[in-house]
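Here are some notes to read alongside the structure.

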Amino acid sequence: MEAVASLLAGFETALTPMNLLWALIGVTLGTLVGVLPGIGPALTVALLLPVTAKLPPVSAFIMFAGIYYGGMFGGSTTSILLNTPGESSSIITALEGNKMARRGRAAAALATAAIGSFVAGTIGTILLTFAAPAIAEVAVMIPPSAKFALIMLAFVTISATFGASPLRGLISLFFGLTIGLIGTDLQSGQARFTLGRPELLDGIEFVTVVIGLFAVGETLYVASRLRKDKASVIKLDGNASMTRDDWRRSWKPWLRGTALGFPFGAVPAGGAEIPTFLSYTLEKKLSKHPEEFGKGAIEGVAGPEAANNASAAGVLVPLLTLGLPTSATAAILLAAFQQYGLQPGPLLFITNADLVWGLIASLYIGNVMLLALNLPLAPVWARLLLIPRPFLYAGILVFSTVGVYSLNNSVFDLILLAIFGVIGYGMRRFDFPVTPAIIGVILGPVAESQFRTALQQSNGNPAIFLQSPLTVFILLTVLAALIVPAVLKARASRRA
C-alpha cells in the first residue's frame, strides 16, 4: 500500500501541465529517433544532456524516460519497413516484421509491435512500481565490499553481453575505466593521466566522451558506408491495424514476451537481446503455424517486441535501486543523475522521492501517449525514413559540436570531442562495442570509491572481501563469468 500511495503522489507530480508537456516532447522525440535508422535513445539523451542542464530534475528525467520508451516503440518502424534494426534488440523484429511487410501486411506488423510494446511497457512499469521499493530496502544493508563486487559483476557480464567477442568487450571496458581515472585523485590530490594538461585536472566531461563515441563516431561510420548501405523503404498504406485473427495470435506472445523481458532487464547486464531471441524461439515452438516463421509470422513480431519493451522497464530497477546501468541508455541516464548531483541507489527513494515516483508515474502516462502517437500516425513516421541521411547526420554533428562547446566554452573540449569521435569510428569499424566503454567511464570512479571505503572500514585489510558471504558469492560469480565461457570455447575448438 505504501508503494500505491507513493505512486499517487508521483502522478500529482507527473500530471502538472509542464511535466505533461515534457513527457509529450520526450515520447515524440523518442519515436522520432527510434524511427530514424542509426539513431537510438542513448545517442539522443546524450545530445540533450548539455541542453537540459538547467531544467528541473523531475522535468528532465520525465523527458528522458519518454525518449527511452519512445525509442523502443519507434525502432519497430525502421525494422519492419526498412529491414534495418536500429539496435541489436530489434533484429528479430526486422527478421519477421519485414517479411510481413513484403507480403503486404506492414500495417498488422506495426500494430502488433505498437500494442505489444504498450502492454509490455505497462505491465513492466507495474512490476517496477512494486519491485523497486522492496529492492531498495534490501540494498541499504549491502556493505561497500558487496557493492564493489556487484559493480565487478556488471563490468564482466556487460563486456560479455555486448558485441560478438567478450575479449573485445573487456578491452572496451578497460578503455572506459582508464578515461574515468583521468583527473585529480580526491584522496591524495595527485594528478592522474593528465599528461601535464591543466584542463584535465578535473577529468574529462562525461558528455564529451559519450557524444564523441556515440554521435561523432556514428556519423563518421555512416558517412564511410553511405554508398554501401542502400535499402528500399516499404510503403505503408493506411494506419497500423490488426484483424481479429491477428489479435487472437498476438495476445499470448505479448504476455510471454513480457514475462521473459522484465527479469532479464532487471538482472545486471541482462539487456534486451537475450529475451528477444528467447521469445522468438519460444513462440516458434508453441505456434500453431510454425511454417510461417522465417516468412513473416506475426507471433515472431509480437513476442520479441514485447520482450524488448518489458526489459526497458526492468533496466530501471537496478539503475534506480543499485545505481547499476545495464544498457547504454541506462548508463547515460546515470550520468544525467550525476549531472544534477544525484546518485541513484536505495537512498534516492528517501532523499528524492518526488523525482523517483514522478519518473515512474510518467512511464504510465508516456505509454498511453506512445500508443496514441504510433497507431494513427504510423504513415507519418514511415515518411521520416525518406529523409536523406547526409542531411540527418550533418545536423547531428553540428548539434554535437555546439552542445559540447556550450559546456565550458572551451576549444580544448572540441579537440577531445574530435579525438573520441575518431576512436568511436574505429570501435565500430573493428567491431568493438561502445557500451562497455561508456559504463566503464561512469562506474569506474564509483567502483574505486566503494573499494576504498571497504578497505578503510577494515583498516586496509583485503580480507574484508572474503568476510561477507554475499561478497564472496558475487566474486565467485564474476570468476565463473570470466572462466566458464573460455573453457567452453576451448572444448568446442578441440572437438572441431
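Predicted model: local features only at pLDDT ≥ 70, side-chain atom pairs only at ≥ 80, totals over all residues.

1. H4 against H5. Helix H4 covers residues 57-82 and helix H5 covers residues 91-102. Their axes come within 6 Å and cross at roughly 55°. H4 and H5 are therefore oblique to each other. The crossing is right-handed. H4 brings Ser 76, Ser 79, Ile 80, Leu 81 and Leu 82 to the contact. H5 answers with Thr 93, Ala 94, Gly 97, Asn 98 and Ala 101. By class, five of these residues are nonpolar, five are polar and none is charged.

2. H5 against H12. H5 also packs on helix H12, residues 299-322. The angle here is about 150°, and the axes are 8 Å apart. That makes H5 roughly antiparallel to H12. This crossing is left-handed. On the H5 side, the contact uses Ile 92, Thr 93, Glu 96, Gly 97 and Met 100. On the H12 side, it uses Gly 300, Val 301, Pro 304 and Glu 305. The count by class is four nonpolar, three polar and two charged. Thr 93 and Gly 97 of H5 are listed in the contact with H4 and again in the contact with H12.

3. Ser 279. Is this residue buried or exposed? Ser 279 has a relative accessible area of 1%, so it is buried; the cut-off is under 20%. Ser 279 sits in helix H11, residues 273-286. Beyond its neighbours within four places in sequence, Ser 279 touches Gly 257, Leu 260, Gly 303, Pro 304 and Ala 307.

4. Arg 105 and Asp 246. The structure holds 11 salt bridges. One of them pairs Arg 105 with Asp 246, with the closest N and O atoms 2.6 Å apart. The two residues belong to distant parts of the chain, 141 residues apart. Arg 105 is in the loop between H5 and helix H6, while Asp 246 is in helix H10. Arg 105 is partly exposed at 25% relative accessible area. Asp 246 is buried at 2%.

5. Arg 452 and Asp 185. These side chains also form a salt bridge, at 2.8 Å from N to O. Arg 452 lies in helix H19 and Asp 185 in the loop between strands S1 and S2, so the pair ties together parts that are 267 residues apart in sequence. Asp 185 counts as buried at 8%.

6. Arg 197 and Glu 199. Another salt bridge joins Arg 197 to Glu 199. Their closest N and O atoms are 3.1 Å apart. Both ends are partly exposed: Arg 197 has 38% relative accessibility, and Glu 199 has a relative accessible area of 37%.

Note on methods. Residues numbered from 1 in each chain as written. Heavy atoms only, no water. Helix = DSSP H or I, 4+ residues; strand = E, 2+ residues; numbered from the N terminus. Buried < 20%, exposed > 50% of the residue type's maximum accessible area, 1.4 Å probe, protein only. Contact = heavy atoms within 4.5 Å. Axes fitted to C-alpha atoms, helices over the stretch in contact; angles between N-to-C directions. Parallel < 35°, antiparallel > 145°, perpendicular 65-115°, else oblique. Left-handed = near helix turned anticlockwise from the far one by under 90°. Nonpolar A, V, L, I, M, F, W, Y, C, P; charged D, E, K, R; others polar. Salt bridge = Lys/Arg side-chain N within 4 Å of Asp/Glu carboxyl O.
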